Amino acid sequence: MKDTVEEEAQMNYYQYGYPAYSYYPYRNMPEMAYAMIQGGPLAPKLNGYVFFREVPNGVEVFIEVHGLPQYQKGSGEKKPVGPHGFHLHEKGVCEVGDKEDPFQSAGGHWNPDNQPHGNHAGDFPVLFSNDGYSKMSFFTNRFKVEDVIGKGVIIHQNPDDYRSQPSGDAGKRLGCGVVMKYGM
Ligand SMILES: [Cu+2]
């Protein structure tokens, strides 16, 4: 029997070797978070991921998804399908809910510093589809990785105009993901 919890921990340390998180390749890993993107009823094949990685003076966001719908041009009142509005939303809750208007569970745009839409911390560049595939990375200094853990990522049906309030007229929500901490 050991006297203290600390001694006990020390024993385990020597017995089982280095804990995984102090193992050399992981020791200097930048802070990271990720979200798995899953399509809803309007884009059932949509899937992929988003990574958030701490870099000097900000965060690099990297996204890769498959299964976006074909581009459709707009006319009159009909909005084009694609390029796709892409944002962080307030709530990391991806419940389909209404099949005609899915993922309302993710709430409105994440807007920690009370800016107009177009300048929300979570207003991202639109996603271009290449026959359903999209890959993009960009830099932002509007948040730290830890700030976005637990938020929702939403990919929309229509382009973001970066102007209409409160959400850029980006239309229905094709896919949703919850931002989670990556690694230890
Ligand atoms: Cu959005």
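Strand 6 and strand 7 pair in the antiparallel sense, joined by five bridges. Strand 7 has another partner too: strand 1, residues 32–39, runs antiparallel to strand 7 and is tied to it by two bridges. Keep in mind as you explore that this is a predicted model. The protein chain has three helices and eight strands, and the points below walk you through some of them.

- Strand 6 covers residues 152–156, and strand 7 covers residues 173–178.
- To see the pairing of these two strands for yourself, find Val153, which stands opposite Gly177 in strand 7.
- Is strand 7 largely enclosed, or open? Five of its six residues are buried, so strand 7 is largely enclosed by the rest of the structure.

**The loop between strand 6 and strand 7**

- Pro166 lies in the loop that links strand 6 to strand 7.
- The peptide bond that joins Gln165 and Pro166 is cis, with an omega of about 0°.
- Asp169 sits in the loop between strand 6 and strand 7 as well.
- The phi of Asp169 is near 55°, which is a positive value in a residue other than glycine.
- Asp169 counts as partly exposed, because it has 17 C-beta neighbours inside 10 Å, and a buried residue would need 20 or more.

- Pro83 is found in the loop between strand 3 (58–66) and strand 4 (86–89).
- Here you meet another cis peptide bond: the one from Gly82 to Pro83, with omega near -15°.
- Asn114 belongs to the loop between strand 4 and strand 5, and strand 5 spans residues 134–140.
- Although Asn114 is not a glycine, it has a positive phi of about 55°.
- Is Asn114 buried or exposed? It counts as exposed, because it has 6 C-beta neighbours inside 10 Å, and the cut-off for exposed is 12 or fewer.

- Lys181 has its place in strand 8, residues 180–182.
- How far apart are Lys181 and Tyr34 in sequence and in space? They are 147 residues apart in sequence, yet 6.4 Å apart in space, C-alpha to C-alpha.
- Leaving aside residues up to four places away in sequence, Lys181 touches Ala33 and Ile149.
- Lys181 counts as partly exposed, because it has 14 C-beta neighbours inside 10 Å.

**The chain as a whole**

- Read along the sequence, the protein chain follows the pattern α-α-β-β-β-β-β-α-β-β-β.
- Of the 184 residues in the protein chain, 34% are buried.
- Among contacts in the protein chain with a separation of 6 or more, 61% involve residues 24 or more positions apart.

**How confident is the prediction?**

- The protein chain averages a pLDDT of 89, and 84% of its residues score at least 70.
- Over residues 11–17 the pLDDT is below 50, and beyond near neighbours in sequence this stretch has two contacts in the model.

Conventions: Residues are numbered from 1 along each chain as its sequence is written. This is a predicted model: local features need pLDDT of at least 70, side-chain atom pairs count only at pLDDT 80 or more; totals for chains, interfaces and linings use all residues. pLDDT is the predictor's confidence in each residue, from 0 to 100. Two residues are in contact if their C-beta atoms, placed from the backbone, lie within 7 Å. Helices (H or I, at least four residues) and strands (E, at least two) are DSSP runs, numbered from the N terminus. Two strands pair if DSSP finds at least two bridges between them.
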